[in-house]
Amino acid sequence: MNHFTIFASRNDIDDIETKILDVFVKGFDVKVNENEYFIKSKTLFNKHKITIRVATEETSPEYFSRNIPGMMGFYDRIPFEDEHLKGLVMTQISILNTMVAIESEKEMNDGLMQLFTKLLLEIGGIGFLPNGILLDQEGQVIVYPDGSSGSADFRPHAATSKVLGPEITSEEGEQRKDRSIAYLHERGIPYITWMPQLPPLAECQFKTQEVIAKRAVALLIVIQYACDVAQSLDIHESKNFFIGMLQKYGVEDDLTENERRFLHDDEPDVQDAVNLAWQYEAYWTLIWALGLIDTLEFPDQVCDCDHAIQIVSNCESFEQFYQTTTMRGRQEILDEADKMYRLHWACVNSRIKGEEAPVGMQESIVIERRRGLFWMIGHRDEQWDEISMDT
């Protein structure tokens, strides 16, 4: 079976059936079963079948939560010769919400490729080949698996519903948004006024003080292991030590699935280790919310990692650590989440333009702070590893 996949960012899929039927109008019989299309060639000889399945983030959330992070990881590991192009590709992947999967019994040839790229042009988006080649909507190569650039003049395309999210019109949310915009304006940071509000306090599903404290301790411990992996230290000894630390503080069950998989992998991926190490910045928001640091400074400098470690290591048990915490007010946490949300847009906007992030911001810090804050407020009830980063 040969595969070709179209990924797109669209407001809806209402017109996709018409586009599929238009592309396969000549020489094919098409049967439709909801969002599945079964296509047979009409040729007397060399008959073959094509199956097309259409899914969206709304109809198949498990597919997108499982595969989009994997796709981002795949292209993040590719050594792009053009770092700006890498930024554009990663931005596009982060806002995908529609998948059109094509399976052909017949081996890919020029005729089939012309049909598939025609459908790609009709639908819009990017085309993904099994060998990792990425195509733009006109069928031109964006990037090859070895990181070399193709001929495409690629720019990301996003559905307004994906970028702006659902409209929320609470007075509380509007006031919070206005305060964040005033903060950005005062510092000369670009913003857009039509980005949506975050939900009002009453609609948020805030994590409890104990849940946040356990997440903080478990995360800190797995980050220490990730740092050892990234520095190519003795992984076996390190793993045993930090598993012991998780047991000491009683937070083994508070690891995420990704963290648990990383910790128990016999050959952990170095890039995964680096990505996890950046979550020091997410951890920093957790201990801020727990009252263990006074302020979240502007995201242009990494956090104090030594101090981050001492906050927990000075305590002999989770109970002792928990007794040192004092939960910050929910209003303050939600205000900070809204601010970070809009700072993230400014970072993405600059990256798309090939510019440095405004006033020295580091996007990786902003992303991880957003992860921690959005998780604490229960935004869309998303899990730690699945916090959406759409802007």
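This report describes a sheet, a helix pair and a pocket in a predicted model.

## Basis of the model

Local features require pLDDT of at least 70 and side-chain atom pairs pLDDT 80 or more, while totals for chains, interfaces and linings use all residues. Residues are numbered from 1 along each chain as its sequence is written, and side-chain values use heavy atoms, without hydrogens and water.

## The sheet

Strands pair if DSSP finds at least two bridges between them.

Strand E4 (residues 49–56) is joined to E5 by seven bridges in the antiparallel sense. Ala55 has Met99 in E5 as its bridge partner.

## Helices H7 and H8

Helices are DSSP runs of H or I, at least four residues. The axes of H7 (residues 209–230) and H8 (residues 235–249) come within 10 Å and cross at roughly 175°; axes are lines fitted to C-alpha atoms over the stretch in contact, and angles run from 0 to 180 degrees between N-to-C directions. H7 and H8 are therefore roughly antiparallel (over 145 degrees).

Residues in this contact (heavy atoms within 4.5 Å) include Val217 and Ile221 of H7, and Phe242 and Leu246 of H8.

## The second largest pocket

A pocket is an open set of points on a 1 Å grid over the protein atoms alone, where a 1.4 Å probe fits, with protein on both sides within 12 Å along at least five of seven lines; lining residues have an atom within 4 Å of a point. The second largest pocket is lined by 15 residues, with Thr5, Phe7, Tyr63, Asn67 and Phe128 nearest its centre. H2 gives the largest share of this lining, five residues.

Definitions and conventions:
Helix = DSSP H or I, 4+ residues; strand = E, 2+ residues; numbered from the N terminus. Parallel < 35°, antiparallel > 145°, perpendicular 65-115°, else oblique.
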